[in-house]
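Biologist: I am new to this one and would like a close look at a single part. Could you bring it up for us?

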Protein chains: 2
Amino acid sequence: MRALTTLRNCDEIFAEFYTSKLNDAQPKDLEAFIGKKLTILKRADVEEKNIIVSAARTKKVAFIAAGDPMSATTHLDLRLRAMKENIHTDVINGVSIFTACAAALGLQPYKFGRTVTIPFPEPNFLPSSPYDNILENYSRGLHTLILLDIKQEEDRYMTAPMAMRWLMDAEERLGKGLINEHSLFCAAARVGSERQALFAGYPDEVAQVDLGPPLHCLVMPGRLHFMEAQALVALANAPADILDEGSGSEAKK
Amino acid sequence: MRALTTLRNCDEIFAEFYTSKLNDAQPKDLEAFIGKKLTILKRADVEEKNIIVSAARTKKVAFIAAGDPMSATTHLDLRLRAMKENIHTDVINGVSIFTACAAALGLQPYKFGRTVTIPFPEPNFLPSSPYDNILENYSRGLHTLILLDIKQEEDRYMTAPMAMRWLMDAEERLGKGLINEHSLFCAAARVGSERQALFAGYPDEVAQVDLGPPLHCLVMPGRLHFMEAQALVALANAPADILDEGSGSEAKK
């Protein structure tokens with residue numbers, strides 16, 4: 001209610017769709033719903049030019065993003081820049097992948113450890129921190145949300161199978177025993193949309209599953225409560241033997 | 001858009017406000033906005049009686065909650081029960097405290113470790129796990145979202161000062177060095193509402209600050225990036241000396 005009312009009271013609405021992607025709707029659908037035109041900005045417009053703050057000096061301006069507007073550091077920077085000019089700012093939250101993904105899979109959001117991002121592989125750029133961070137969470141029994149790299153300007157979106165293969169490759173490189181053939185992974189596509197797709201299975205399966213168009217993410221569950229395991233079986237087709245694993249000690253080998 | 005459209009297409013809408021609290025609006029405001037009546041349920045109605053699933057056998061039924069509908073295990077259980085009867089279910093996400101709190105304070109959501117809940121103190125019930133979990137997150141440089149106990153049927157909502165004192169007491173009991181007089185804590189009230197209030201400061205201050213009516217929560221930040229520290233100063237009145245702390249090594253003593 002609050003988002004819609006606020007947008008209808010603004011003089012100008014800027015939007016970005018490069019940190020995430022709209023599902024189920026095109027910008028024109030949003031314009032029809034709000035009853036106002038959107039000015040869509042590219043990353044350089046937001047980060048390097050001063051379009052939004054300049055407009056806000058004299059008008060009521062909104063800046064909208066797909067998902068949670070404050071998840072991008074540059075959006076926070078925008079807000080702080082406006083405040084430095086004594087421009088009043090407000091944040092109205094959107095639905096975020098952090099909780100939408102947990103909800104879709106039936107995993108308890110409080111049991112997630114630190115979130116991890118997997119970057120597109122580049123020559124000489126194979127960081128160990130994603131693998132190490134997942135391992136730290138897992139060793140504490142916590143779930144890990146694994147976000148996948150986006151290069152919207154090049155129309156490149158990492159898929160769940162690509163990310164799974166990246167992690168399997170990291171296991172070979174780093175060899176700390178995080179991933180074996182019975183490690184459970186969840187892959188999710190277009191979370192929160194009507195065409196959402198979920199899959200839970202073993203690495204070889206996740207490395208090949210076709211979940212359709214972006215955006216994809218992965219979750220590596222930690223220690224599963226019985227209801228979470230039931231949820232993964234019911235909602236994401238997880239193999240039924242995860243219901244037998246009890247404390248998950250086998251999965252930790 | 002999707003939530004509103006879906007609700008308008010339902011035959012019956014059930015609601016609960018015991019896992020969280022509506023800000024800024026009363027149920028009748030929601031009814032006016034949606035254009036349909038709400039049937040408000042108590043906890044026992046949802047968890048013990050079969051009202052919702054029974055209705056869903058023959059009608060399109062919605063079940064709404066303040067915040068994120070899947071954060072409560074019993075809501076997930078409701079969903080799984082419906083699915084066992086071959087009733088089609090869908091989840092439409094709400095804005096969750098997990099990300100709204102991070103956004104309000106300017107803290108990066110990916111840097112939060114496991115979430116912690118502080119229970120109302122009871123005789124012989126002073127668990128060490130909240131303190132230990134915060135300590136684990138903090139030792140990894142991660143932020144901790146600290147949720148506070150609610151007993152809605154008794155109209156009891158833990159406040160930020162109560163929770164701060166609980167933690168200070170836990171430091172005395174457990175003595176592992178998590179909290180000293182220069183530890184930074186953030187208190188947030190009515191996050192995401194128009195009457196949101198934020199405060200960041202030292203334990204003695206947080207133990208006394210009056211942030212008004214519920215719901216309250218705390219965050220103990222881990223290692224702050226410079227922009228996060230700037231955000232806390234600008235948004236939550238954090239003391240300006242947190243900008244000098246660099247890697248935060250002093251705060252870790």
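Biologist: In which sense do strand 1 and strand 3 of chain B pair, and over how many bridges?

Modeller: Happy to walk you through it. This is a predicted model, in which local features need pLDDT of at least 70, side-chain atom pairs count only at pLDDT 80 or more, and totals for chains, interfaces and linings use all residues. Residues are numbered from 1 along each chain as its sequence is written, chains are lettered from A and ligands numbered from 1 in the order in which they are written, and side-chain values use heavy atoms, with hydrogens and water left out.

Strand 1 and strand 3 (residues 61–65) of chain B pair in the parallel sense, over five bridges. Strands here are DSSP runs (E, at least two residues), as helices are (H or I, at least four), numbered from the N terminus, and two strands pair if DSSP finds at least two bridges between them. Within strand 3 of chain B, B:Phe63 stands opposite B:Phe14.

Strand 1 of chain B also pairs with strand 2 (residues 38–40) of chain B, again in the parallel sense, over three bridges. There, B:Ile40 of strand 2 is the bridge partner of B:Ala15. Together with helix 2 (residues 27–34) of chain B, strands 1 and 2 of chain B make a right-handed β-α-β unit: with the strands pointing away from the viewer, the path from the first strand over the helix to the second runs clockwise.
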